[in-house]
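Please look at the sequence and the structure below before reading on. The report that follows begins with a pair of partners and then widens its view.

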Amino acid sequence: MNHDQPYPSEYLADILASVKTIAMVGASNDPTKFSYGVLRVLHETGYKMCPVNPRLAGKTIRGLRVFGSLADIDVPVDMVQVFRASSALRQVAREAIEINARVLWAQIGVRDDEAARMAEDAGLQVVMNRCPKIELFRPYWTPRLNQVV
């Protein structure tokens with residue numbers, strides 16, 4: 001995938017339609033933080049959310065148990081969403097590969113071409129510098145209403 005070009009609408013829509021469980025690395029329990037709002041919208045849309053933040057491990061965000069690392073999550077993860085600095089993306093990509101995630105999604109402002117290459121070589125789909133919450137409101141997306149969470 002050429003991450004310098006806009007992602008095809010079908011590529012993003014297919015990812016959002018196919019994933020069920022999303023691990024959010026860098027989740028915050030602060031309602032004023034963007035990661036909190038994204039977690040809220042994705043959860044309310046019907047995705048099973050697994051917040052990941054080592055400082056909050058064992059606590060809850062919006063009633064969801066917070067995990068200390070991706071390896072601590074006890075259910076299969078389809079997508080790893082990254083709310084961390086670009087410098088952390090390679091390590092998160094390694095961990096996403098280790099847990100057999102299918103998608104590595106780096107939030108707006110987060111990009112590392114080597115991390116993307118590593119993840120893609122392992123078979124993951126990669127999106128960088130995009131927000132799934134924003135993508136949910138694009139015209140090509142049909143919300144999954146009445147989905148059991």
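Val 80 has Leu 104 in strand 6 as its bridge partner. The model is a predicted one, in which local features need pLDDT of at least 70 and side-chain atom pairs count only at pLDDT 80 or more, while totals for chains, interfaces and linings use all residues. Residues are numbered from 1 along each chain as its sequence is written, and side-chain values use heavy atoms, with hydrogens and water left out.

Helices (H or I, at least four residues) and strands (E, at least two) are DSSP runs, numbered from the N terminus, and two strands pair if DSSP finds at least two bridges between them. Five strands form an open sheet in the order 2-1-5-6-7, with parallel pairing. Its edges are strand 2 (48–52) and strand 7, each of which pairs on one side only.

| Strands | Bridges | A pair of partners |
|---|---|---|
| Strand 1 and strand 5 | 4 bridges, parallel | Val 25 and Val 82 |
| Strand 5 and strand 6 | 4 bridges, parallel | Val 80 and Leu 104 |

Strand 5 (residues 79–82) is covered on both faces, since Met 79 and Gln 81 on one side and Val 80 and Val 82 on the other are all buried (under 20% relative accessible area, with a 1.4 Å probe and protein chains only). Together with helix 3 and strand 6, strand 5 makes a right-handed β-α-β unit; right-handed means that, with the strands pointing away from the viewer, the path from the first strand over the helix to the second runs clockwise.

Helix 3 (residues 89–98) also has a neighbour, helix 4 (residues 113–121), and their axes come within 8 Å and cross at roughly 10 degrees; axes are lines fitted to C-alpha atoms, for helices over the stretch in contact, and angles run from 0 to 180 degrees between N-to-C directions. The two helices are therefore roughly parallel to each other, a term for angles under 35 degrees. Leu 89, Arg 90, Ala 93, Arg 94 and Ile 97 of helix 3 meet Glu 114, Ala 115, Met 118 and Ala 119 of helix 4, where contact means heavy atoms within 4.5 Å.

Met 128 lies in the loop between strand 7 (125–127) and helix 5 (132–136). Met 128 is buried, with a relative accessible area of 4%, and the residues it touches include His 3, Tyr 7, Leu 89 and Ala 106.

Note on methods:
Parallel < 35°, antiparallel > 145°, perpendicular 65-115°, else oblique. Buried < 20%, exposed > 50% of the residue type's maximum accessible area, 1.4 Å probe, protein only. Lists of a residue's contacts leave out its neighbours within four places in sequence.
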